[in-house]
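Subject: Structure for your review

Hello,

Here is the structure I said I would pass on.

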Amino acid sequence: LLLSVFNSLQAQDFPKLSRYEIGESGFEAYLPCSPADVVDSSVSDDGSPVWTAEVEGGDLLFGIICVKFAEPLGFDAELNTQLLESYLDYLKEAFEVSESVGYGYGHVLELSENALGMLDYWLDSDGYEWKIKGWVSNSYLTVLYVGGGEGELNEEASNMFLDGIRFPAK
């Protein structure tokens with residue numbers, strides 16, 4: 001039932017997206033407006049820098065979480081995917097997700113060597129729908145999410161946001 005709800009979402013008033021830097025992180029993402037005034041930076045328990053931002057566009061909320069690992073993970077695709085899945089599971093609790101479609105594995109990120117992605121659709125406890133995509137490489141992890149409003153989610157435009165992340169240049 002949840003999957004059919006998300007499959008029925010069609011193009012409406014999805015905002016125009018432009019590429020913006022995410023604070024001083026080196027990450028770039030397509031967003032409906034500049035996140036410059038709303039980027040929060042912190043350091044995780046293991047010393048990894050973390051940047052987060054949320055901006056509104058139309059009737060939707062666009063969010064991004066970017067992490068630069070304090071110590072690179074290495075190139076073990078299975079372990080990196082497990083780490084990303086664990087982080088998304090943590091976010092499900094934090095976002096009070098009541099239903100999810102289930103992770104879709106095997107996504108690759110253009111122009112980012114060794115980046116692996118996972119996709120999911122969530123329904124939170126307030127009844128808001130979200131499309132989530134997480135990416136992980138040996139040095140970075142990022143999660144992008146869009147939804148949470150009254151606007152309808154255009155699949156092609158939301159994919160531009162979710163697949164448009166650019167990791168920092170080395």
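A residue is called partly exposed here when its relative accessible area falls between the two limits, under 20% being buried and over 50% being exposed. Please keep in mind that this is a predicted model.

Salt bridges

The count comes to three salt bridges.

K133 pairs with D163, and their closest N and O atoms are 2.6 Å apart. K133 is in strand β9 (residues 129-136) and D163 in helix α3 (residues 155-163), so this pair ties together parts that are 30 residues apart in sequence. K133 has a relative accessible area of 5% and is buried, whereas D163, at 30%, is partly exposed.

D120 and K92 form a salt bridge with an N to O distance of 4.0 Å. Here strand β8 (residues 116-124) supplies D120 and helix α2 supplies K92, so parts 28 residues apart in sequence are tied together. D120 is buried, with a relative accessible area of 1%.

R19 and E28 make a salt bridge, with the closest N and O atoms 3.5 Å apart. R19 is partly exposed at 32%, and E28 is partly exposed at 26%.

Largest pocket

The volume of the largest pocket is about 360 Å³. Its lining has 15 residues, and S44, V50, V67, Y87 and Y90 lie nearest the centre. Two or more lining residues come from each of β4 (49-57), β5 (60-68) and α2 (77-94); α2 gives the most, with five. By type, the lining residues are nine nonpolar, four polar and two charged.

Regards

Definitions and conventions:
Residues numbered from 1 in each chain as written. Predicted model: local features only at pLDDT ≥ 70, side-chain atom pairs only at ≥ 80, totals over all residues. Heavy atoms only, no water. 1 Å grid on protein atoms, 1.4 Å probe; cavity = no way out; pocket = protein on both sides within 12 Å on 5 of 7 lines; lining within 4 Å. Points joined across faces, edges and corners; volume = space filled by probe spheres on them. Helix = DSSP H or I, 4+ residues; strand = E, 2+ residues; numbered from the N terminus. Nonpolar A, V, L, I, M, F, W, Y, C, P; charged D, E, K, R; others polar. Salt bridge = Lys/Arg side-chain N within 4 Å of Asp/Glu carboxyl O. Buried < 20%, exposed > 50% of the residue type's maximum accessible area, 1.4 Å probe, protein only.
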